[in-house]
Amino acid sequence: LSLANKIAAGEVVERPASVVKELLENAIDAQATQIDITIKESGIQSIRVVDNGTGIEEEDINKAFGRHATSKINNDYDLFHIRTLGFRGEALASISSVSRVTMKTCTDGMLGHEVQVENGEIIKQQPAKAKKGTDILVKDLFYNTPARLKYVKSLYTELGKITDIVNRMAMSHPDISFNLVSDDKTVLSTNGSGKTNEVMAEIYGMKIAKDLVEINGETDDYVMKGYVCKPEHTRSNRHYISIFINGRYIKNFVLNKAIIEGYHTLLPIGRYPIVYINIEMDPILVDVNVHPTKLEVRLSKEQLLYDLINNKIKEAFRGMSL
Ligand code: ADP
Ligand code: MG
């Protein structure tokens with residue numbers, strides 16, 4: 001079992017940012033409205049995520065660290081109707097097999113439980129006073145997989161990857177207040193106001209605040225909402241384009257193209273826009289179970305989606321010229 005965990009861990013936990021991503025997804029799935037992330041040495045030394053979500057019942061704690069243990073899916077039907085960010089039940093098992101995990105969780109704000117996990121096994125569990133929610137601390141990442149540790153890039157690069165993940169989670173969940181503190185410095189702080197444009201300005205700079213244009217579109221299959229930044233603020237790479245499906249950040253070449261082509265002649269050569277788009281759709285139309293990181297998705301009716309996005313962006317900037 002421990003070996004299977006390590007193999008799965010290799011796929012799920014590639015780097016510190018993967019841990020942050022999985023823990024944030026869990027906090028969001030647990031309906032948290034406040035999520036505090038504290039990292040030391042870009043997450044290599046420690047990653048702590050505190051949420052005020054549902055917490056985990058005592059009898060479910062053990063299960064939560066088991067492989068393919070998810071409370072989010074019960075049958076085939078569920079697998080094709082995924083509404084939560086997590087569903088593979090691998091994250092906690094994987095993370096706890098390549099680090100030292102301590103978790104305190106409480107469902108009622110009075111008495112909760114504290115557990116210590118090593119090599120994927122709970123080695124200590126005791127009742128503990130706690131606030132409602134879950135407080136999880138991941139220490140010494142990859143201490144038992146030296147090859148993986150070596151593969152981790154510079155602290156600067158890793159911090160960048162973590163920041164990207166938190167930024168994107170904050171954009172797609174503007175009703176949640178996120179705080180990211182790295183080595184005692186606040187990197188991001190959002191207030192949970194519910195406005196994605198405010199989160200974007202927080203992340204990309206107040207200068208863009210007044211130049212974010214709201215776009216909305218609807219077809220039988222899709223409800224699209226987003227903000228496209230006016231072409232006076234461009235960037236030198238595609239990194240500032242964020243596409244989400246049902247609140248999940250995804251990478252998709254075709255939809256990326258729909259956006260860039262939507263700006264058409266408004267972008268100078270080699271410049272890219274700042275864009276946020278979320279598309280809500282019936283989960284049956286999107287297969288997220290393509291890869292363990294859940295970043296790649298397969299879409300049915302991709303062309304219809306291309307047209308919707310592309311047209312709405314063109315509409316937003318009609319009459320403008322470079
Ligand atoms: P998945 O998210 O795919 O179900 P995970 O390994 O990430 O699998 O988590 C296992 C289970 O532990 C979840 O299904 C959930 O029931 C529980 N869990 C994990 N983190 C939290 C959290 N922060 N708050 C509440 N429950 C959690
Ligand atoms: Mg999860």
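Which domains does the domain assignment of the protein give?

## Domains

The assignment gives domain 1, covering 2-189, and domain 2, covering 196-316. This is a predicted model. Taken over C-alpha atoms, the centres of domain 1 and domain 2 are separated by 27 Å.

## Nonpolar core

The largest nonpolar core has 73 residues. Within this core, Val-20, Leu-24, Val-49 and Val-166 touch the most other members. Residues of this core come from both domain 1 (2-189) and domain 2 (196-316), so the core lies between the two domains.

Leaving aside residues up to four places away in sequence, Val-166 touches Val-20, Ile-37, Phe-178, Leu-180 and Leu-188.

## Helices α7 and α8

Two packed helices are described by the angle between their axes and the distance between the axes. Helix α7 spans residues 155-172 and helix α8 spans residues 196-204. Their axes come within 8 Å and cross at roughly 155°. An angle over 145 degrees counts as roughly antiparallel, and α7 and α8 are therefore roughly antiparallel to each other.

On the α7 side, the contact is made by Asn-167, Ala-170 and Met-171. On the α8 side, Thr-196, Val-199, Met-200 and Ile-203 meet them. By class, this contact of α7 with α8 has five nonpolar residues, two polar residues and no charged ones.

## Positive phi values

Most residues other than glycine have a negative phi. Ser-42 has a positive value, with phi near 55°. Ser-42 is placed in the loop between β1 (34-40) and β2 (46-51). Is Ser-42 buried or exposed? Ser-42 counts as buried because it has 25 C-beta neighbours inside 10 Å, and the cut-off for a buried residue is 20 or more.

Asp-140 also has a positive phi, near 55°. This residue is found in the loop between β6 (133-139) and α6 (146-151). With 15 other C-beta atoms within 10 Å, Asp-140 is partly exposed.

Where does Gly-270 lie? Gly-270 is in the loop between α9 (253-263) and β13 (275-281). Because 8 other C-beta atoms lie within 10 Å of Gly-270, this residue is exposed; the cut-off for an exposed residue is 12 or fewer. From C-alpha to C-alpha, Gly-270 and Ser-18 are 30 Å apart in space, and 252 residues separate them in sequence.

Key:
Residues are numbered from 1 along each chain as its sequence is written. Chains are lettered from A and ligands numbered from 1 in the order in which they are written. This is a predicted model: local features need pLDDT of at least 70, side-chain atom pairs count only at pLDDT 80 or more; totals for chains, interfaces and linings use all residues. A nonpolar core is a set of buried Ala, Val, Leu, Ile, Met, Phe, Trp, Tyr and Cys residues joined through C-beta atoms within 7 Å. Domain bounds come from an automatic or database domain assignment. Two residues are in contact if their C-beta atoms, placed from the backbone, lie within 7 Å. Axes are lines fitted to C-alpha atoms, for helices over the stretch in contact, and angles run from 0 to 180 degrees between N-to-C directions. Helices (H or I, at least four residues) and strands (E, at least two) are DSSP runs, numbered from the N terminus. Angles under 35 degrees count as roughly parallel, over 145 as roughly antiparallel, 65 to 115 as roughly perpendicular and the rest as oblique. Ala, Val, Leu, Ile, Met, Phe, Trp, Tyr, Cys and Pro count as nonpolar, Asp, Glu, Lys and Arg as charged, and the others, Gly among them, as polar.
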